[in-house]
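Have the sequence and the model open as you read.

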Amino acid sequence: MADHGQLLAYDAKTLEQAGADGILLATNTMHKVAHKIQSAISIPFLHLLQATALQLSTHGITKVGLLGTRFTMSDGFYQAYMADFGIDVITPNADTQDEIHRIIFDELCLA
């Protein structure tokens, strides 16, 4: 099985060498391997979880609801990351997570 972090790190390094001034990873799930990307490049990396946590902290928000794919809501990586900033992440129940996941893939991700 491929190491997704290494693949994304390689691609980010390639973008940097092509002249990119920064990297934006526009997917929540792949932020699980953001540290591998960041360590491979010397240009700024916009980390969505970090930016979100900093913004929430700035406004004194300590509990936030999370909507996303089933994996994003249930895996725990968001919860663990936000906990380091003193932010509690709550998610919908399993049935609602399934419906949100279905909407994302069956209605929003249309070809």
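Of the 111 residues in the protein chain, 28% count as buried, meaning under 20% relative accessible area with a 1.4 Å probe and protein chains only (over 50% is exposed, and partly exposed lies in between). A word on ground rules: this is a predicted model, where local features need pLDDT of at least 70, side-chain atom pairs count only at pLDDT 80 or more, and totals for chains, interfaces and linings use all residues. Residues are numbered from 1 along each chain as its sequence is written, and side-chain values use heavy atoms, with hydrogens and water left out.

The protein chain has six helices and four strands, taken as DSSP runs numbered from the N terminus (helices are H or I with at least four residues, strands E with at least two). Along the sequence they come in the pattern α-β-α-β-α-β-α-α-β-α. The C-alpha atoms fill a box of roughly 45 × 40 × 25 Å along the principal axes. Among contacts (heavy atoms within 4.5 Å) with a separation of 6 or more, 58% are between residues 24 or more positions apart.

Now for the inside. The largest nonpolar core has 12 residues, including Leu 49, Met 73, Phe 77, Tyr 78, Met 82 and Ile 104; such a core is a set of buried Ala, Val, Leu, Ile, Met, Phe, Trp, Tyr and Cys residues joined through side-chain atoms within 4.5 Å. Helix 3 (48–58), helix 5 (77–83) and helix 6 (94–108) each give two or more residues to this core. Met 82 is in contact with Leu 49, Thr 52, Ala 53, Ile 87 and Val 89, leaving aside its neighbours within four places in sequence. Apart from that core lies another, of eight residues, with Ala 12, Ala 34, Ile 43 and Phe 45 among them.

On to the rings. The structure holds three aromatic pairs, where rings of Phe, Tyr and Trp (its six-membered ring) pair if their centres lie within 6.5 Å, and planes under 30 degrees apart are stacked, over 60 edge-to-face and the rest tilted. Here are two of the pairs:

| Pair | Centres apart | Plane angle | Type |
|---|---|---|---|
| Phe 71 and Phe 77 | 6.2 Å | 35° | tilted |
| Phe 77 and Tyr 78 | 5.6 Å | 50° | tilted |

Ring pairs link Phe 71, Phe 77 and Tyr 78 into a cluster. Which of these are buried? Phe 77 is, at 12% relative accessible area, and Tyr 78 is too, at 9%. Phe 71 has 34% relative accessibility, so it counts as partly exposed.
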